[in-house]
Amino acid sequence: MGIFQGGYAGKFLYVNLSDQSIQTKPLERDFALKYIGGRGFSARILYEGLRAGVDPLSPDNILVFATGPLNGTPLPSASRLIVAAKSPMTGGIGDASSGGYWAPELKYAGFDAIVVRGRSSRPVYLWVENGKAALRSAEHIWGKRIDETSKSLKEEIGDEDVHICAIGPGGENLVRYACIVTDEEGVGGRTGMGAVMGSKNLKAIAVRGSQDVKIADPKRFQGVIDAYRETLKGEVWTETLRRLGTPNLVTHRQKLGIWGAKNFQSASIDGWEKISGEAFREKYLVKVMGCMGCMVRCRRYSAILDGSCTPFYTKGPEYETINALGAKPYITDPAVILRGHHLCDDCGIDEQSAGSAISMAMELYERGMLKKEDVDGEDLVFGNGEALLCLLEKIVYRKGFGDLLAEGTRIMGERLHADYYAIHVKGSEVDASDPRSMVTRALTYSVATRGSCHLRGFPYIDEFIKPEEGLKYFGTATVSDVKALEGKGKLVAWSEDWITVANLMGLCIFAWYRSRTFSMLIKRGLELVTEAYVAATGLPMTQENLLRCGERVYNTEKLFNCREGMGREADYPPPRFFDEAMPDGADKGAHLDRGDYERLLDDYYTARGWDPVTGCPTPEKLEELGLNESDR
């Protein structure tokens, strides 16, 4: 069994595309205990393997596909894959997560991670099967979309059950926010990992395995599974996700007035009921789906059965789809949103960045800063669904105005002298919701290591934590006040380390963190996960040490960004959130205060043990975390 009694496959696969060499190396015990898996493996590999200033789209970048120790086990929702590299969107650490079956299959094929270097002189795909790997020509599938690519490879390999992650034309054409898609359904969105994969002329990785993921203590592990499943039974959020999927959040966003509509010019949407979770369920839902071992089953499969181009089938939508392709460009036609969603997924581009880029262009067009001739003759006003669909297609192939849109809003702002209207953090567009009325969300989005991200921390804890719990864990009961600043820096730092634990293990956070009680976050997210890790791997671990692993990984990611020149100055929300009040909705008039935010950021750095001037980890903090001198 080697040094691992279970959980880990115990091997990494190293692929150099430049010289077409493939090596297998053992996973070291100390490395596993220190970085666990997923984001931990990738962050450390990237920090050690890349020098400062590397062009993200050059052969020098490294692309890592990393699983966690619980992937491939029977624990519910242990399905997530981490793909990481230096991001072409931010210039800092980049990673994306996707679900489905690919990550468990890589474990069954005998590997915990794949590390890809260099660039192939011609398009290739990687075939991995039961401890072996080979590079094969992908010239016959270069240019194909995701669905066509998967069908072609399954036919070529002769196995319908092979699992495939691939890029579409978006990645091939180096759209800066291109995605990697697993099994035609799981999208590793954000940060441009598909562009990195395309820059390497790597079209796909197909995996097939029949090896077991061993469990060190099966009886103990079964006990964890039973307890974990019990925590999900009767959970209101779990039942809501199963019934409506993530589009259930539409009603919530409208009620709070945090849509970020019209490029964050509007807080609410007229006619929002047409794009609610209920509307999509009643009119378009075909079936409910889930990733491997999932009890929640939040995935949707939808169909448009009426209209001029029917029938039309696609997975989704997600709330993020509705936000990016609905709220931001102010489109309330669900058929347009579904068609745009399908195009983005099948071509492999991130719909949040694509929708944000088009929405920014719409605002500039309505302000007269872009003319009709600048945007390929489109009447680029908010609400124009046909223009949205046309420009999405142009982005994929970098045609006309789509070539600029394919760069993302930060570069658009620079080239059009319109930086103010580029709503991003570190080059990654603000997603999910408008944080102007909620300081915890504002801070979470802004300090996230991969650029604006509502999933890098858990910015909703202050909506339900009890005052006595706030006092116990964060030193102040006031942390339970959504509007208060006190204690929020420590809360955000804790939630980042805690969320990181799920990304290390390979767990889906929708099953893991969606609870409206803080005690359940501790039980499911620390107590049971620690027990699962020990039972699966046979390695020693405590809840405190596991949370410390999350902190170590987050600090490693911050070190990567600081080395790239992204210190305190990179941890701020867009100027619009300070300068303009929310124009409507429940919190009409709300905006961020610069003085308050500076204090909030100081509080966060203090909680982190980072230098408040530079925003980077101090030598004392690195020593505390066991990050050696070379890490600094």
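**Close-up views of a predicted model**

**View 1. Helix α20 beside helix α22.** The axes of α20 and helix α22 (residues 518-537) approach within 11 Å and cross at roughly 40 degrees. Here, axes are lines fitted to C-alpha atoms, for helices over the stretch in contact, with angles from 0 to 180 degrees between N-to-C directions. The crossing of α20 and α22 is left-handed, meaning that the near helix is turned anticlockwise from the far one by less than a right angle; clockwise would be right-handed. Helices are DSSP runs (H or I, at least four residues), as are strands (E, at least two), numbered from the N terminus.

This is a predicted model, so local features need pLDDT of at least 70 and side-chain atom pairs count only at pLDDT 80 or more, while totals for chains, interfaces and linings use all residues. Residues are numbered from 1 along each chain as its sequence is written, and side-chain values use heavy atoms, leaving out hydrogens and water.

**View 2. Helix α20 meets helix α25.** Between α20 (residues 488-505) and α25 (residues 594-608), the axes come within 7 Å and cross at roughly 50 degrees. These two helices are therefore oblique as well, with a right-handed crossing.

**View 3. Alanine 607 in helix α25.** Look for alanine 607 in α25. Its 35% relative accessibility makes alanine 607 partly exposed (buried is under 20%, exposed over 50%, partly exposed in between; 1.4 Å probe, protein chains only). Alanine 536 lies 71 residues away in sequence and 32 Å away in space, C-alpha to C-alpha.

Key. Angles under 35 degrees count as roughly parallel, over 145 as roughly antiparallel, 65 to 115 as roughly perpendicular and the rest as oblique.
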